[in-house]
Protein chains: 2
Amino acid sequence: MRAPENIGLLLSLASARGVASANVALGPVELNSRSYSLLEQLAGTDGVSQRELADAIRLDPSQIVAMIDGLERRGLAERRPNPADRRQKSVVITGPGRTLFHRARALVESSVDEVLAGLDDLERETLRGLLQRIVRHDAARLEHAS
Amino acid sequence: MRAPENIGLLLSLASARGVASANVALGPVELNSRSYSLLEQLAGTDGVSQRELADAIRLDPSQIVAMIDGLERRGLAERRPNPADRRQKSVVITGPGRTLFHRARALVESSVDEVLAGLDDLERETLRGLLQRIVRHDAARLEHAS
DNA sequence: TATTGTTATACTCTATAACTATA
DNA sequence: TATAGTTATAGAGTATAACAATA
């Protein structure tokens with residue numbers, strides 16, 4: 001059977017392939033594509049609220065709780081009180097967390113390389129740009145809705 | 001927060017957005033993005049085995065069973081014996097199934113239109129082409145593995 | 001009154017193994 | 001011995017609602 005025309009199905013299939021490949025690649029560091037994305041967010045800031053993390057990777061705040069619990073149990077991240085707003089907790093990546101993240105990033109990069117094996121660098125950038133615009137457009141829509 | 005660079009995460013987010021939007025749009029015809037894709041496959045052939053359907057939309061054969069059960073219960077598709085190989089069943093779309101499919105397709109098309117609102121026609125074709133190459137490349141990989 | 005983090009719960013998805021009938 | 005369809009089941013992922021502390 002040929003590749004489908006249905007762009008929604010194509011997105012699902014490509015995404016599922018990416019997630020599955022990343023999950024396999026991340027086995028050695030005991031992360032999956034989701035906890036990797038979370039760690040990546042943490043590595044990019046010095047202290048974020050769980051609400052911000054939830055928005056960034058589009059996950060329910062209640063699911064973030066369990067994921068941070070997992071990272072904290074492994075010493076990869078920490079919850080710190082936020083004096084400016086005592087409702088919030090500032091989640092920060094630890095030294096070991098950062099070390100693991102760098103290892104994980106290399107694993108993910110080679111998994112992405114497998115998934116996108118048929119595309120050259122320019123095409124990868126084009127794909128990234130188009131997807132970013134879809135995601136940004138969606139973020140704006142949600143913003144507008146609230 | 002900016003749109004992520006991580007192309008795997010971008011694929012997940014865009015795909016999730018597409019699925020969610022399609023599921024809402026398909027509410028009136030009581031389908032979801034998956035059963036729609038299945039019906040679309042059926043509409044494109046006159047009789048397919050469940051195994052072929054499973055390969056086409058990359059779902060486990062055991063999950064296809066339940067989905068065909070659902071379509072059959074609603075009179076949208078039928079299982080017919082395949083005299084050439086009595087292990088197989090030939091799944092065919094019915095008249096009412098085809099009618100519903102056309103209605104569903106219009107709903108999905110406008111949902112895709114919302115998700116891709118930021119992209120012009122040429123960009124949509126580019127995106128489709130890139131995704132097809134990822135999916136095709138993956139299919140070839142699986143073929144080779146077996 | 002609204003928001004952050006939390007807990008609990010139920011529901012959908014997904015993966016896996018085992019079984020039958022056919023090949 | 002292998003394949004198509006089926007059933008059952010367990011696990012992961014997801015969505016939702018309610019609650020305490022704080023704004």
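Which residues does Gln50(B) touch, not counting residues up to four places away in sequence? They are Ile64(B), Val65(B), Arg79(B), Lys89(B) and Val91(B), where touching, or contact, means heavy atoms within 4.5 Å. Gln50(B) is found in helix α3 of chain B. Helices (H or I, at least four residues) and strands (E, at least two) are DSSP runs, numbered from the N terminus. Gln50(B) counts as buried because its relative accessibility is 16%; buried means under 20% relative accessible area, exposed over 50%, and partly exposed in between (1.4 Å probe, protein chains only).

This is a predicted model, in which local features need pLDDT of at least 70, side-chain atom pairs count only at pLDDT 80 or more, and totals for chains, interfaces and linings use all residues. Residues are numbered from 1 along each chain as its sequence is written, chains are lettered from A and ligands numbered from 1 in the order in which they are written, and side-chain values use heavy atoms, with hydrogens and water left out.

Among contacts in chain A with a separation of 6 or more, 51% are between residues 24 or more positions apart. Chain A is divided into domain 1 (31–115) and domain 2 (119–146), with bounds that come from an automatic or database domain assignment. The C-alpha centres of these two domains lie 22 Å apart.

The next topic is the interior. A nonpolar core is a set of buried Ala, Val, Leu, Ile, Met, Phe, Trp, Tyr and Cys residues joined through side-chain atoms within 4.5 Å. The largest such core has 78 residues, and Leu42(A), Leu127(A), Leu131(A), Leu42(B), Leu127(B) and Leu131(B) touch the most other members. Leu42(B), for one, touches Val48(B), Leu53(B), Leu71(B), Ala77(B), Val91(B) and Ile93(B), leaving out residues up to four places away in sequence.

Now consider DNA strand D. A residue is near a strand if one of its heavy atoms lies within 4 Å of it. There are 18 residues around DNA strand D, and Arg34(A), Arg86(A), Gln50(B), Arg51(B) and Ser62(B) come nearest. A polar side-chain atom of Arg34(A) lies 2.6 Å from a phosphate oxygen of DNA strand D. In the side chain of Ser62(A), an N or O atom is 3.0 Å from a base oxygen of DNA strand D.

Sugar and phosphate make up 76% of the atoms of DNA strand C within 4 Å of the protein. Its phosphate oxygens have a polar side-chain atom of Lys89(A) at 2.8 Å and a polar backbone atom of Arg51(A) at 2.6 Å. α4(A) gives the most to the surface near DNA strand C, with three residues.

Terms used. A polar contact is a pair of N or O atoms within 3.5 Å; within protein, one must be able to donate a hydrogen and the other to accept it, and residues adjacent in sequence count only if both atoms are side-chain atoms.
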